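Morning, everyone. I have one structure to walk through today.

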Amino acid sequence: MNKLLPLFGMNLFELEEVCLKGEQKKFVAKQLAHWLYQKNVSSFEEMKNVSAPFKAYLQENYCIHRSKYLRYSESVDGTRKYLFHFEAGYTETAMIPGEKRTTVCVSSQSGCRFGCSFCATGAGGFSGHLTAGEILEQIYGIDENQEISNIVYMGMGEPLDNLQEVLKSIEILTENWGRAISPSRITVSTIGLPAKLDEFLAKSNVSLALSLHSPFPEERVELIPAQKSNSLEDIIRVLKKHKFNQHRRLTFEYIVFKGKNHSYKHARAIGELLKSLNARINLIPYNEVPALTFQSPESYIMNQFKKELELQGFICTVRNSRGQDIEAACGMLAAKENNPPSE
Ligand code: SF4
């Protein structure tokens with residue numbers, strides 16, 4: 001028997017191909033997209049305006065492919081962490097409720113191959129890339145699907161390392177035939193791989209969060225080994241080629257490690273490095289991971305460093321980790337499933 005191909009995760013062009021193969025007019029692709037991405041159906045029977053013979057053809061050759069999450073944990077602050085199992089391995093997704101918005105944090109890979117020294121996902125190794133459909137299933141397949149207002153690609157994996165699938169998932173989320181979310185409500189977070197960053201910025205118009213963590217190359221490489229072949233200099237050069245504004249924001253994410261990267265010297269160097277970019281800085285207190293030696297900073301350290309950066313002329317915010325009581329550091333839940341402890 002032929003393996004059924006999943007329709008969920010196909011863009012309009014691919015759905016048109018499906019229609020042509022099934023001897024339908026191209027416009028039927030928009031109807032399919034409507035049922036998949038706006039109505040979130042889980043069977044072909046629900047597609048009311050699709051002809052019976054074409055439904056039968058779809059049934060024979062395609063599936064919708066909806067993965068239900070395996071389980072979730074819920075924090076006292078309402079944050080939920082969902083565990084999925086896709087072809088590449090286990091993956092986690094966080095849902096963060098807020099007063100005015102509900103944000104979902106999706107993964108783009110199962111594990112990650114960049115091995116950043118502070119990261120639970122990096123410590124768990126790499127299992128594989130997710131398809132665009134699997135990225136989208138982390139949005140459509142959770143209980144809060146209807147309430148989601150913002151999407152961040154900040155879960156497991158490096159999005160630019162799986163660029164084509166990430167771009168395709170963004171296309172489906174933002175196009176009118178898809179979910180039709182404003183690109184300004186989507187943010188992709190990356191450590192910065194210059195060649196792919198350039199392509200990403202040219203082919204999408206969502207916001208970008210760049211992981212800085214240190215303005216000094218010799219210190220950043222200890223935290224992000226990929227800095228060796230993807231230098232800050234090259235990253236900044238690429239960023240300067242593109243326009244950022246209040247719709248497409250550029251934010252530098254800066255995890256503060258106690259006693260490591262929050263001195264006056266750091267604030268000055270950040271000021272110098274980012275001075276000609278229209279960017280803001282998001283400070284994140286490090287969230288301790290068992291077996292890793294980095295420490296979380298106290299809030300007075302965060303406030304002091306924030307003030308120093310503001311004196312350098314930046315808009316600077318502090319983002320506190322949510323869901324502290326549920327293996328909050330990204331990758332802890334799935335890494336445990338991908339690498340169960342030996343008996
Ligand atoms: S911080 Fe991001 S790029 Fe680095 S290991 Fe973790 S998931 Fe990968």
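**Ligand shell, domains and helices**

Let me start at the ligand. The residues of its shell split into six nonpolar, four polar and one charged. Who are they? The ligand is surrounded by Cys112, Phe114, Gly115, Cys116, Cys119, Thr121, Gly122, Met156, Gly157, Glu158 and Ile191. One caution before I go on: this is a predicted model.

Now the whole chain. The protein chain has 12 helices and 14 strands. Its C-alpha atoms fill a box of roughly 70 × 50 × 40 Å along the principal axes. What about the radius of gyration? The protein chain has 21 Å. A compact globule of 343 residues would come out near 20 Å, so the value agrees. Buried residues account for 43% of the 343 residues. Next, contacts. Take those in the protein chain between residues at least 6 apart in sequence: 67% of them join residues at least 24 apart.

On to domains. The domain assignment gives domain 1, residues 5–63, and domain 2, residues 71–338. Domain 1 puts 10 residues into the contact, and domain 2 puts in 12 residues. Which element gives the largest share of the domain 1 side? That is helix α2, residues 28–38, with four residues. By type, the domain 1 side that touches domain 2 divides into five nonpolar, four polar and one charged.

Helix α7 spans residues 194–203, and its buried residues are Lys196, Leu197, Phe200 and Leu201. Note that a lysine, Lys196, is on that buried list. Why do we say these residues line one face? Seen down the axis of α7, they fall within an arc of 135°, so one face of the helix is what they line. Turned away from that buried side is a face with the exposed residues Ala195, Ala202 and Lys203. What lies over the buried residues? The cover includes α6 (163–174), β10 (186–190) and α9 (232–240).

That brings us to α9 itself. Here Leu232, Ile235 and Leu239 are buried. They cover an arc of only 60° around the axis, which puts them on the same side of α9. An α-helix has 3.6 residues a turn, so residues three or four places apart point the same way. On the other side of α9, the exposed residues are Glu233, Arg237 and Lys240. The buried residues of α9 are covered by elements including α7, β11 (207–211), α8 (217–223) and β12 (250–256).

Ala267 sits in helix α10, residues 264–274. Buried or exposed? Ala267 has 23 other C-beta atoms within 10 Å, and the cut-off for buried is 20 or more, so Ala267 is buried. Which residues does Ala267 touch? Leaving out residues up to four places away in sequence, Ala267 touches Phe305, Glu308, Leu309 and Gln312. For a sense of distance, take Leu58. Ala267 and Leu58 are 209 residues apart in sequence and 58 Å apart in space, C-alpha to C-alpha.

That is my tour. Over to you.

Key
Residues numbered from 1 in each chain as written. Predicted model: local features only at pLDDT ≥ 70, side-chain atom pairs only at ≥ 80, totals over all residues. Near = placed C-beta within 6 Å. Nonpolar A, V, L, I, M, F, W, Y, C, P; charged D, E, K, R; others polar. Domains from an automatic or database assignment. Contact = placed C-beta atoms within 7 Å. Helix = DSSP H or I, 4+ residues; strand = E, 2+ residues; numbered from the N terminus. Buried ≥ 20, exposed ≤ 12 C-beta atoms within 10 Å, placed from the backbone. Arc of directions from axis to C-beta. Rg over C-alpha atoms; globule rule 2.2 N^0.38 Å.
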